[in-house]
Amino acid sequence: MSLAGGAVFGLVWGTVLVSFASAIGSTLAFLAARYTLRDVVRRRLGSRLRMIDAGMEASGSFYLFGVWFVPVIRYFLESLWMGMTPIPARTFYWISQLGMLPLTIIYVNAGTQLAQLNTVRDILSPALLGFLLLVILFPWLARWPWAQSHCSASSIPRVWSDWACCWLATSRR
């Protein structure tokens with residue numbers, strides 16, 4: 001969707017349209033999960049969710065913002081999972097809007113570059129290769145400042161420390 005938005009609408013309008021479409025779509029998935037699956041999952045998992053709920057109440061907004069930079073977790077699955085948590089829908093929407101924006105800009109810009117291809121040789125243009133490299137490197141570049149300031153034993157809840165800081169700070173735990 002992001003590449004097509006950039007190719008069809010250009011960088012500015014493509015970014016605006018894709019950004020709002022992504023955030024609204026994620027919020028709809030979040031709400032669907034919240035009102036159709038949440039009770040079933042809570043009954044099934046019971047006490048295991050209490051620790052996750054405590055972590056979400058302590059730093060859920062910050063966690064949600066950071067998770068949008070992880071390309072391994074698909075936005076749809078993250079939206080469904082967040083629907084199981086106590087985070088308010090309004091908070092989910094605006095954090096999703098901001099959290100998805102950097103990668104949206106990169107992908108839409110890559111789409112604008114792809115739309116300008118005239119020959120197979122243009123695929124190796126420095127601009128296109130640079131944007132594709134940025135798509136690959138962005139999650140690792142974005143995690144470093146966060147890990148430097150937030151991955152200590154006392155700064156984040158225990159529920160996140162085992163896996164979030166392991167991924168975010170390759171050298172610190």
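Helices H3 and H4 are roughly antiparallel to each other, a term that applies to angles over 145 degrees, while those under 35 count as roughly parallel, 65 to 115 as roughly perpendicular and the rest as oblique. The structure is a predicted model, in which local features need pLDDT of at least 70 and side-chain atom pairs count only at pLDDT 80 or more, whereas totals for chains, interfaces and linings use all residues. Residues are numbered from 1 along each chain as its sequence is written, and side-chain values use heavy atoms, with hydrogens and water left out.

The protein chain holds eight helices and zero strands, and from the N terminus on its elements run α-α-α-α-α-α-α-α. Here helices (H or I, at least four residues) and strands (E, at least two) are DSSP runs, numbered from the N terminus. Of the 173 residues in the protein chain, 39% are buried; buried means under 20% relative accessible area, exposed over 50%, and partly exposed in between (1.4 Å probe, protein chains only).

Two packed helices are described by the angle between their axes and the distance between the axes. For H3 and H4, the angle is about 155° and the axes lie 12 Å apart. Axes are lines fitted to C-alpha atoms, for helices over the stretch in contact, and angles run from 0 to 180 degrees between N-to-C directions. The crossing of H3 and H4 is left-handed, that is, the near helix is turned anticlockwise from the far one by less than a right angle, with clockwise giving a right-handed crossing. On the H3 side, Ile 52, Met 56, Tyr 63, Leu 64 and Val 67 take part, and they meet Glu 78, Trp 81 and Met 82 of H4. By class, this contact of H3 with H4 comprises seven nonpolar residues, no polar ones and one charged. In this scheme Ala, Val, Leu, Ile, Met, Phe, Trp, Tyr, Cys and Pro count as nonpolar, Asp, Glu, Lys and Arg as charged, and the others, Gly among them, as polar.

Helix H4 (residues 75-82) has a buried side made up of Glu 78, Ser 79 and Met 82. Seen down the axis of H4, these buried residues fall within an arc of 100°, so they line one face of the helix; the arc is that of the directions from the helix axis to the C-beta atoms. An α-helix has 3.6 residues a turn, so residues three or four places apart point the same way. The cover over the buried residues of H4 includes H1, H3 (48-67) and H5. Turned away from that buried side is the face of H4 with the exposed residues Phe 76 and Leu 77.

H3 also packs against helix H2 (residues 38-45), the axes of the two coming within 7 Å and crossing at roughly 120°. That makes H2 oblique to H3. Val 41, Arg 42 and Leu 45 of H2 make the contact with Arg 48, Leu 49 and Asp 53 of H3. The residues of this contact of H2 with H3 are three nonpolar, no polar and three charged.

The next pair brings together helix H1 (residues 2-36) and helix H5 (residues 89-115), which pack at an angle of about 150° with their axes 7 Å apart.

Gln 97 is found in H5 and is buried, with a relative accessible area of 12%. Leaving aside residues up to four places away in sequence, Gln 97 touches Ser 19, Phe 20 and Ala 23. Thr 104, also found in H5, is buried with a relative accessible area of 4%. With the neighbours up to four places away in sequence again not counted, Thr 104 touches Thr 15, Val 18 and Ser 19.

Finally, Gly 130 has its place in helix H6 (residues 126-150). Gly 130 is partly exposed, with a relative accessible area of 35%. The C-alpha atoms of Gly 130 and Ala 110, which are 20 residues apart along the chain, are separated by 9.2 Å.

Methods: Contact means heavy atoms within 4.5 Å.
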